[in-house]
Amino acid sequence: MSASSRPPPAETSNDESSRTPERSEPTKDERWMSRAIELARGGSPSPNPHVGAVVVRNDKAVGEGFHERAGLDHAEVVALKAAGGEAKGATLYVTLEPCNHHGRTAPCTDAILQAGIKQVVIACEDPNPHVDGGGIERLRGAGVDVVLGVCKQEGEAVIAPWTKFVTRGIPYVTIKLALSLDGRIATRSGASKWVTGPDARARVHALRATQDAVGVGVGTVLSDDPNLTVRDTVGVSPTRVIFDTHLRTPLHARVVQTATEVPTLLLASTDAPFENEEALTSHGVEVLRTTTTAEGRLDVMAAITALAQRGVVALMVEGGAELAGSFLATRLADELHAFIAPILLGPRGRPGAVDWAGPEVPSKAPRIVSPQWELCGDDAHVFGRLVYPED
């Protein structure tokens with residue numbers, strides 16, 4: 001925008017009521033909890049939640065840690081071991097209510113009491129309805145000062161996928177889209193490599209590395225023959241899930257040829273050809289049959305319920321347009337990452353980024369809450385949690 005076309009500056013006022021209030025400095029508890037939340041984002045603990053912890057004595061961290069992997073020490077224990085004898089009389093900051101039950105590891109409440117912690121500051125309570133937690137009650141009953149709700153919103157965001165998994169029995173679903181300025185994902189000839197640039201693709205790989213599974217429709221496999229692996233960043237490739245109602249995935253597809261290296265699961269209807277299943281499984285692919293809708297498509301709720309039963313907490317859906325539309329239409333998508341390239345593919349570009357009926361009016365459209373916008377090279381990356389207006 002040129003200087004001459006800019007709107008005039010808004011009028012200023014000396015009225016105190018018109019001024020934007022200054023943000024207050026974070027409290028000591030908020031500062032240390034922010035560090036615990038930063039730590040919580042590390043590791044790959046699925047199907048357990050991400051948790052971070054910091055032991056603080058005289059406003060100095062003497063031990064910290066996070067839950068790296070299921071079966072290993074929980075974040076509290078890692079931090080307490082790092083603190084050693086300095087934990088006695090100190091404050092423990094932890095992003096999630098400490099467990100008070102025996103699982104793969106002993107209760108964290110036992111370790112906290114044995115270490116002599118005098119105060120525990122917690123971001124959010126344990127939402128798991130299947131576990132008799134009582135961590136807070138156990139600590140308070142033993143005379144420990146417990147403070148709850150510090151940086152609660154940020155703490156809940158860290159465990160959002162796990163919360164959905166344990167409360168609803170289905171994975172947390174993220175949709176990833178790569179599209180042009182005019183909302184297309186391929187040219188009129190069907191070419192889609194590459195709509196976005198290398199920086200955006202590297203970020204997609206980083207997102208994949210945070211997921212338990214990455215899913216695409218069989219149309220994406222047929223048109224793009226993707227690897228769906230983590231390559232441009234450090235991380236482990238998630239399970240690859242192909243939504244393939246009629247088992248049309250060809251044996252020469254990359255996901256089939258590498259199925260013995262990266263777990264690959266095909267979701268199919270109950271009446272898909274069994275001879276196709278035998279050929280695919282001989283290459284190391286697993287086929288999981290599930291129900292279909294009246295239109296003959298896979299029932300996405302039944303499909304992701306089956307994935308949850310296999311321990312998939314976080315699923316990222318990368319394509320195609322019909323699959324993304326199914327998750328939006330059923331309100332099962334929780335988060336959206338859209339990578340928008342500064343190109344125009346024209347009205348005959350095919351297809352639109354999402355194929356679904358959509359809302360009747362804009363006010364009914366699903367939308368990102370507090371969207372974040374960032375640049376990835378020449379492309380824009382907008383992302384955040386999705387909400388669906390009530391009917």
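In β8, which residue is the bridge partner of Gly 215? Select Gly 215 and look across to β8: the partner is Val 241. Keep in mind as you click around that this is a predicted model.

Now widen the selection to residues 213-217 and 239-243. You've got strands β7 and β8, which pair in the parallel sense over five bridges. Strands of a sheet pair through backbone hydrogen bonds, and they can do that either parallel or antiparallel.

Next, bring up the whole sheet. Nine strands make up this open sheet, in the order β10-β9-β8-β7-β11-β6-β12-β14-β13, with mixed pairing. To find the edges, select 286-290 for β10 and 367-376 for β13; each of these pairs on one side only. On average, neighbouring strands here are turned by 20° against each other, ignoring direction.

Time for a helix: select 321-329. That's α12, which packs on the sheet and touches β6, β7, β8, β11 and β14. Its direction makes about 135° with that of β6.

Show the side chains of Phe 243 and Phe 327. They form an edge-to-face aromatic pair, 6.1 Å centre to centre with 90° between the planes. Phe 243 belongs to strand β8 and Phe 327 to helix α12, so the pair ties together parts 84 residues apart in sequence. Are these two buried or exposed? Phe 243 is buried, at 7% relative accessible area, and Phe 327 is buried too, at 0%.

Last stops, two charges over rings:

- Select Arg 201 and Trp 194: the charged end of Arg 201 sits over the Trp 194 ring, 4.4 Å from its centre.
- Select Arg 289 and Phe 274: the charged end of Arg 289 sits over the Phe 274 ring, 3.9 Å from its centre.

How values were computed. Residues numbered from 1 in each chain as written. Predicted model: local features only at pLDDT ≥ 70, side-chain atom pairs only at ≥ 80, totals over all residues. Heavy atoms only, no water. Pairing = 2+ DSSP bridges. Helix = DSSP H or I, 4+ residues; strand = E, 2+ residues; numbered from the N terminus. Axes fitted to C-alpha atoms, helices over the stretch in contact; angles between N-to-C directions. Contact = heavy atoms within 4.5 Å. Phe/Tyr/Trp six-rings, centres within 6.5 Å; stacked < 30°, edge-to-face > 60°. Buried < 20%, exposed > 50% of the residue type's maximum accessible area, 1.4 Å probe, protein only. Lys NZ or Arg CZ within 6 Å of the ring centre and 35° of its normal.
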